[in-house]
Amino acid sequence: MARKKVPVARFTVSVPAELLRELDRMAAEKGYNNRSLAVADMIRDELVEHRQRTGQGEIVGTLTLVYDHHTRHVQETLTELQHEHHERIISTVHVHLDAHHCLEVLLMRGPAPQIKRIADALIAARGVKHGKLTVTTTGHDLPG
Ligand code: NI
């Protein structure tokens, strides 16, 4: 990912030698040219996770739902919830996986606690076999 030139800070971290070897191995496997880039991405990932858990700020999330559309009222329930929160759900994709199962992906944007509440309600709907919210940043609150 292309990044703007930002001021850098150096710091020293002491970790077990084997842990550092594993970090370097993983960074190489993931295609990083150097350890610093890998560690910076790990820090960003942790910051996003932390803000999702604790913050009140705006987040962007992808909610993936798999459900059996033959389950009574599941589609009505999911549609009603989505209309209720239309200002937070910015796009949806629906795929008919097979004769029974539907895959729905919802892109959501809004305050973290609200996005989590909406996602929880959709995942808890009867007929939903699996649901998972993946959260990322809007890009404004993350340095580098
Ligand atoms: Ni379907």
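Student: How do β1 and β4 pair, and over how many bridges?
Tutor: β1 (residues 58–68) pairs with β4 in the antiparallel sense, over eight bridges. Two strands count as paired if DSSP finds at least two bridges between them. Strands (E, at least two residues) and helices (H or I, at least four) are DSSP runs, numbered from the N terminus.

Student: What should I know about the model itself?
Tutor: This is a predicted model: local features need pLDDT of at least 70, side-chain atom pairs count only at pLDDT 80 or more, and totals for chains, interfaces and linings use all residues. Residues are numbered from 1 along each chain as its sequence is written, and side-chain values use heavy atoms, leaving out hydrogens and water.

Student: Back to β4. Which residue there stands opposite Val66?
Tutor: His130. Leu63 likewise stands opposite Leu133 in β4.

Student: How many bridges link β1 and β3?
Tutor: 11, again antiparallel. Ile59 has Gly110 of β3 as its bridge partner, and Gly61 stands opposite Met108 in β3.

Student: And β2 with β3?
Tutor: Those two pair antiparallel over seven bridges. One of the pairs is Val93 with Val105 in β3. β2 and β3 form a hairpin, with four residues between them.

Student: What is the strand order in the sheet?
Tutor: β2-β3-β1-β4, in an open sheet of four strands with antiparallel pairing.

Student: Why is one side of β2 and of β4 left without a neighbour in the sheet?
Tutor: β2 (89–96) and β4 (128–136) are the edge strands, and each has a single partner, so one side of each has no neighbour in the sheet. Neighbouring strands are turned by 15° against each other on average, direction ignored.

Student: Which strands does α4 lie across?
Tutor: Helix α4 (residues 112–124) lies across β1, β3 (101–111) and β4, and runs at about 160° to β3. Axes are lines fitted to C-alpha atoms, for helices over the stretch in contact (heavy atoms within 4.5 Å). Angles run from 0 to 180 degrees between N-to-C directions.

Student: New topic. Where are the domain bounds?
Tutor: Domain 1 is 17–54 and domain 2 is 58–136, with bounds from an automatic or database domain assignment. Their contact takes four residues from domain 1 and five residues from domain 2.

Student: How far apart are the centres of domain 1 and domain 2?
Tutor: 30 Å, taken over C-alpha atoms.

Student: What area is buried between domain 1 and domain 2?
Tutor: About 360 Å², with carbon and sulfur atoms giving 57%. That is the accessible area (1.4 Å probe) that the two parts lose on being put together, summed over both. On the domain 1 side, Val48, Arg51 and Gln52 supply 91% of the area buried against domain 2, more than any other three residues.

Student: How many does the whole structure hold?
Tutor: Five salt bridges. One joins the side chains of Glu22 and Arg25, at 2.6 Å, N to O. Both residues, Glu22 and Arg25, lie in helix α1 (residues 17–29), three residues apart, about one turn of the helix.

Definitions and conventions
A salt bridge is a side-chain nitrogen of Lys or Arg within 4 Å of a carboxyl oxygen of Asp or Glu.
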